[in-house]
Amino acid sequence: MDARAHVEIYIVFNKEPPEEWKRLPEVRAIKIEELISIDKKIVLVVGNRELAKQLGVGYLDEQEASELLQYLKGLLGGQ
């Protein structure tokens, strides 16, 4: 069974996500207001450690998010 078929990856921002993140295939980059549920999702919050802690999800600072973006672009072929 392919796990990617059942797990969604969300990168959550306090404000409008950067366009680079929005163009990345297989990853949903959203504002915190758009996050309805974390069930069956991999969720990483960028720049808001307290929110990540409250939700019980991963946290990335801006530098880590930038590094992850570059890695995923190479892996997934984002523009």
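**Figure 1. Burial and fold of the protein chain.** Buried residues, those under 20% relative accessible area, make up 29% of the 79 residues in the protein chain; over 50% counts as exposed and the range in between as partly exposed, with a 1.4 Å probe and protein chains only. The model is a predicted one, in which local features need pLDDT of at least 70 and side-chain atom pairs count only at pLDDT 80 or more, while totals for chains, interfaces and linings use all residues. Residues are numbered from 1 along each chain as its sequence is written, and side-chain values use heavy atoms, with hydrogens and water left out. The secondary structure comprises three helices and four strands, arranged from the N terminus as β-α-β-β-α-β-α. Helices (H or I, at least four residues) and strands (E, at least two) are DSSP runs, numbered from the N terminus.

**Figure 2. Strand pairing around β3.** Strand β3 (residues 41-46) pairs in the parallel sense with strand β1 (residues 8-13) over five bridges. Within this pairing, Tyr-10 has Val-43 of β3 as its bridge partner. Strand β4 (residues 58-60) also pairs with β3 in the parallel sense, over three bridges; here Gly-58 of β4 is the bridge partner of Leu-44. Two strands are taken to pair if DSSP finds at least two bridges between them.

**Figure 3. Salt bridges of Glu-16.** The structure holds four salt bridges, each defined as a side-chain nitrogen of Lys or Arg within 4 Å of a carboxyl oxygen of Asp or Glu. Lys-22 and Glu-16 form one of them, with their closest N and O atoms 2.4 Å apart. Lys-22 is partly exposed, at a relative accessible area of 36%, and Glu-16 is likewise partly exposed, at 42%. Glu-16 also forms a salt bridge with Lys-31, for which the closest N and O atoms are 3.7 Å apart. This pair links distant parts of the chain, 15 residues apart: Glu-16 lies in the loop between β1 and α1 (19-22), and Lys-31 in strand β2 (residues 28-31). Lys-31 is partly exposed, with 27% relative accessibility.

Figure 4. Lys-73 forms a salt bridge with Glu-20, the closest N and O atoms being 2.6 Å apart. Because Lys-73 lies in helix α3 and Glu-20 in helix α1, the pair ties together parts that are 53 residues apart in sequence. Lys-73 is buried, at a relative accessible area of 17%, whereas Glu-20 is partly exposed, at 31%. Elsewhere, salt bridges that share partners join Glu-16, Glu-19, Lys-22 and Lys-31 into one network.

**Figure 5. Surface patches.** A patch of negative charge on the surface gathers Asp-61, Glu-62, Glu-64 and Glu-67. Glu-62 belongs to helix α3 (residues 62-76) and is exposed, with a relative accessible area of 54%. A nonpolar patch on the surface consists of Val-7, Ile-9 and Ile-42, which together have about 200 Å² of accessible area. Ile-9 is located in strand β1 and is partly exposed, at 32% relative accessibility. Patches are made of residues with over 30% relative accessible area and no salt bridge; like charges are joined within 9 Å and nonpolar side chains (Val, Leu, Ile, Met, Phe, Trp, Tyr) within 5 Å. Lys and Arg count as positive and Asp and Glu as negative, with His and the chain ends not counted; the place of a charge is NZ of Lys, CZ of Arg, CG of Asp or CD of Glu. Accessible areas come from the Shrake-Rupley method with a 1.4 Å probe, and for residues only the protein chains shown count as cover.
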